[in-house]
Amino acid sequence: MKKELLKTGDGSTTLHLPQWNEQYHSKHGAIQEALHVFIKHGLQYVCNPNLNKPLSILEIGFGTGLNALLTYISSKEIDNLSIDYTGLEAYPVAMEEIDNLNFSEQLNMDNKVYTKLHSSAWEQREKISDTFYLTKKNIRFEDFQESEKFHLIYFDAFGPRVQPELWEKPIFQQMYLALKPNGVLVTYSAKGAVRRTMQEVGFTVERLPGPPGKREMLRAIKIG
Ligand SMILES: C[S@@+](CC[C@H](N)C(=O)[O-])C[C@H]1O[C@@H](n2cnc3c(N)ncnc32)[C@H](O)[C@@H]1O
């Protein structure tokens, strides 16, 4: 599918899909949204002193790798935290498209880490640093099956308007199974139907204030 580069409200770029009129991130600010939804209400929420380390994170929709990059940066600011990060992606973004994104520049950092996240091999657990390991899986979400493996899920599929099948019960059932007891799932969507589907599969769901441009987001917990 054709992708175009788009500058978002906070100066960071994202990819736009004209055919679907859909973006990889919020038009109001790609970095801003990812920091709010996934880092503040996901990573920082689960990082408590009683956590069994390393922290295992599953990302649904690795895409441009922005969430992985922000998780890498944020994890360095939390004492003794090491991360085992798994990103699922059915349609990897081409390296030429990755090269056009300005995340490292916007974050005032060298592009080395971002390049390493993308050049690392698929289907293997790769060392990005002593405390950050990345496994990228070229797989459809629908085909992924793991049980009680993850502390945290970043659910970052395209929206229910364009991919409704990824926001239905079978996918959230898989996500519920993939989490450890007390595991947490965060997503930018706050649709009532999505919240009710999460509750139907067993999650306890909170509505939280959304990032700029969005009233709310959801955090779902597998109480156990
Ligand atoms: C909203 S974008 C991802 C944003 C990503 N987290 C980022 O920071 O760039 C959704 C991603 O899900 C991927 N995707 C769409 N349908 C999929 C499927 N059925 N299985 C796996 N990946 C899928 C898309 O290719 C896209 O990269």
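Two strands pair if DSSP finds at least two bridges between them, and the strands themselves (E, at least two residues), like the helices (H or I, at least four), are DSSP runs numbered from the N terminus. The model shown in these views is predicted: local features need pLDDT of at least 70, side-chain atom pairs count only at pLDDT 80 or more, and totals for chains, interfaces and linings use all residues. Residue numbers start from 1 along each chain as its sequence is written.

**View 1. An open sheet of three strands.** Welcome to the sheet, where the strand order is E1-E2-E3 and the pairing is antiparallel. Its edge strands, E1 (4-7) and E3 (22-23), each pair on one side only. E1 and E2 (residues 13-17) run antiparallel and are joined by four bridges. To find your way in, look for Lys 7, whose bridge partner in E2 is Thr 13.

**View 2. Helix H1 against helix H2.** H1 (residues 30-46) packs on H2 at an angle of about 55°, and their axes lie 10 Å apart; axes are lines fitted to C-alpha atoms over the stretch in contact, and angles run from 0 to 180 degrees between N-to-C directions. H1 is therefore oblique to H2, given that angles under 35 degrees count as roughly parallel, over 145 as roughly antiparallel, 65 to 115 as roughly perpendicular and the rest as oblique. On the H1 side, look for Ala 30, Ala 34, Leu 35, Phe 38, Ile 39 and Leu 43, which meet Leu 66, Asn 67, Leu 70, Thr 71 and Ser 74 of H2 (contact: C-beta atoms, placed from the backbone, within 7 Å). This contact has eight nonpolar, three polar and no charged residues.

**View 3. Helix H2 against helix H5.** H2 (residues 66-76) and H5 (residues 112-119) pack with axes 10 Å apart, at an angle of about 130°. These two helices are therefore oblique to each other. Ala 68, Leu 69 and Tyr 72 of H2 meet Val 113, Tyr 114 and Leu 117 of H5. The contact of H2 with H5 comprises six nonpolar residues, with no polar and no charged ones.

Conventions:
Contact = placed C-beta atoms within 7 Å. Nonpolar A, V, L, I, M, F, W, Y, C, P; charged D, E, K, R; others polar.
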